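Let's take a walk through this model together. We will start with a term, then visit some charged side chains and a pair of helices.

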Amino acid sequence: MTSENQAPAPTRRSPASPARRTLLADAALGVLADAGMRGLTHRAVDAAAGLPAGTTSAYFRTRSALLTALVRRLVELDQAELVTAAEHAPVLRTADDLVHGLAALVAARTSGEGRRRSLARYACVLESVRDPELRDILVPRENPGRDAVRAFLTARGVADPEARTLTLLACVDGLVLDRVVAGADAASGGTGAIEGLVAAALRP
């Protein structure tokens with residue numbers, strides 16, 4: 001039994017809400033896309049998320065912690081996008097199928113919200129040059145889309161399909177970067193460049 005004079009037991013703080021952390025990471029992605037690395041501040045994320053000042057710093061004490069959370073969320077969204085695309089894409093049977101699949105990916109990442117996420121992604125890639133933790137998070141991961149490309153090249157009997165898959169997708173990523181930097185109008189370009197990349201990947 002406790003006496004009236006006994007101090008009350010300290011209140012235990014509840015763990016940080018995963019939903020709130022995701023909301024803040026998404027807001028940080030938007031800030032980075034719109035304002036760049038210099039504009040990525042706790043206060044800017046608070047405003048973008050529509051939350052009281054100090055909320056972001058309560059969840060992510062340092063800018064490094066905020067950036068790490070942002071990059072983890074970015075990778076999560078990218079992986080989900082690739083999984084969904086693979087689930088809805090037809091089985092790759094011809095070179096044209098592969099060209100159309102890659103063209104759809106380029107279009108998704110160079111227009112609308114996809115373009116904003118690409119802007120954030122490339123800013124994070126540059127930042128990771130000096131940050132090993134970010135670099136580890138950004139390492140390309142296995143996903144159904146990548147598996148499908150590798151399986152297609154393997155079935156076509158190319159030499160070292162693993163290396164060619166990585167090279168092809170790296171070149172497609174470079175194409176996305178080129179179109180994002182060039183501006184929104186460039187995102188509507190044709191599939192000629194992708195056809196050339198696929199043809200190179202299929203060479204004996």
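A residue is called buried under 20% relative accessible area, exposed over 50%, and partly exposed in between (1.4 Å probe, protein chains only). By that scale Glu 142 is partly exposed, with a relative accessible area of 44%. Before going on, please note that this is a predicted model, in which local features need pLDDT of at least 70 and side-chain atom pairs count only at pLDDT 80 or more, while totals for chains, interfaces and linings use all residues. Residues are numbered from 1 along each chain as its sequence is written, and side-chain values use heavy atoms, with hydrogens and water left out.

Glu 142 has a salt-bridge partner, Arg 146, with the closest N and O atoms 3.7 Å apart; a salt bridge here is a side-chain nitrogen of Lys or Arg within 4 Å of a carboxyl oxygen of Asp or Glu. Arg 146 counts as buried, at 10% relative accessibility. This rule gives a count of 14 salt bridges.

Now look at Asp 78, which is buried with a relative accessible area of 10%. Its side chain meets that of Arg 121 in a salt bridge of 2.9 Å, N to O. Arg 121 lies in helix 6 (residues 112-128) and Asp 78 in helix 4, 43 residues apart, and the pair links distant parts of the chain. Helices are DSSP runs (H or I, at least four residues), numbered from the N terminus. Arg 121 is itself buried, at 7% relative accessibility. Asp 78 also forms a salt bridge with Arg 109, the closest N and O atoms being 3.8 Å apart. Because Arg 109 sits in helix 5 (residues 95-109) and Asp 78 in helix 4 (residues 63-88), this pair ties together parts that are 31 residues apart in sequence. Which residues are linked in a network of salt bridges? They are Asp 78, Glu 81, Arg 109, Arg 117 and Arg 121.

Asp 160 has a positive phi of about 50 degrees although it is not a glycine, and it is partly exposed, at 49% relative accessible area.

Finally, helix 9 (residues 161-182) packs with helix 10 (residues 192-201) at an angle of about 165 degrees, their axes 10 Å apart. Axes are lines fitted to C-alpha atoms, for helices over the stretch in contact (heavy atoms within 4.5 Å), and angles run from 0 to 180 degrees between N-to-C directions. Helix 9 and helix 10 are therefore roughly antiparallel to each other, a term for angles over 145 degrees.

Conventions: Helix = DSSP H or I, 4+ residues; strand = E, 2+ residues; numbered from the N terminus. Parallel < 35°, antiparallel > 145°, perpendicular 65-115°, else oblique.
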